[in-house]
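Please look over the sequence and the model below. A short briefing follows, grouped by topic.

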Amino acid sequence: MKNEAKDSIASYLSRVMNSEGAAAPKNRVRVEIAGEEYTVVAAETEDYIRRVAALVDEKVRGITENGRVSRADAVVLAACNLADEKTRAAETAESLRSQIKAYSDEIARLRTELSALRREAAARALEQD
């Protein structure tokens, strides 16, 4: 792969990893993805950068292992697979947040009901005295 393209990919990875308000890039980490070496500059820890690169490498290698897909196509397919996983994870997280909210609302309702029943029971106990 041409150095210009590799630099472009590394720059893109660095921008993506720093896009969510992270501090200025601090770490320069050399990683290997699909047999190519890239330098990623990001605020995240070296361990995190390496884990991300390993995940991308695993996805690309998984697609190219049959030998019938070009590296460029494998990278696009890996990106699509990762985007799909991210989207599904976000949907699952939203569903879980909704469930937690519903459970929390139900707990609040039951606490209110319990408190009312306790007051009612206390009032009845006073009436019987």
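D47 lies in helix 2. Helices (H or I, at least four residues) and strands (E, at least two) are DSSP runs, numbered from the N terminus. This is a predicted model, in which local features need pLDDT of at least 70, side-chain atom pairs count only at pLDDT 80 or more, and totals for chains, interfaces and linings use all residues. Residues are numbered from 1 along each chain as its sequence is written, and side-chain values use heavy atoms, with hydrogens and water left out.

**D47**

- D47 counts as partly exposed, at 49% relative accessibility. Buried means under 20% relative accessible area, exposed over 50%, and partly exposed in between (1.4 Å probe, protein chains only).
- D47 and V29 are 18 residues apart along the chain, and their C-alpha atoms are separated by 9.3 Å.

**Geometry and faces of helix 2**

- Helix 2 covers residues 46-64, 19 residues in all. At 1.5 Å a residue it should span 27 Å, and its end C-alpha atoms are 26 Å apart, which agrees. The expected span is 1.5 Å times one less than the number of residues.
- Buried in helix 2 are I49, A53, D57, K59, V60 and I63. They cover an arc of only 160° around the axis, which puts them on the same side of helix 2. The arc is that of the directions from the helix axis to the C-beta atoms.
- An α-helix has 3.6 residues a turn, so residues three or four places apart point the same way.
- R51 and E58 are exposed, on the other side of helix 2.

**Nonpolar core**

- The largest nonpolar core has 13 residues. Such a core is a set of buried Ala, Val, Leu, Ile, Met, Phe, Trp, Tyr and Cys residues joined through side-chain atoms within 4.5 Å.
- V31, I33, V40, I49 and V60 have the most contacts inside this core.
- Strand 1, strand 2, helix 2 and helix 3 (71-128) each give two or more residues to this core. Helix 2 supplies the largest share, four residues.

**D57 and A34**

- D57 lies in helix 2. D57 is buried, with a relative accessible area of 15%.
- Leaving aside neighbours within four places in sequence, D57 is in contact (heavy atoms within 4.5 Å) with E32, I33, A34 and G35.
- A34 is found in the loop between strand 1 (27-33) and strand 2 (36-42). A34 is buried, with a relative accessible area of 12%.
- A34 has a positive phi of about 55°, although it is not a glycine.
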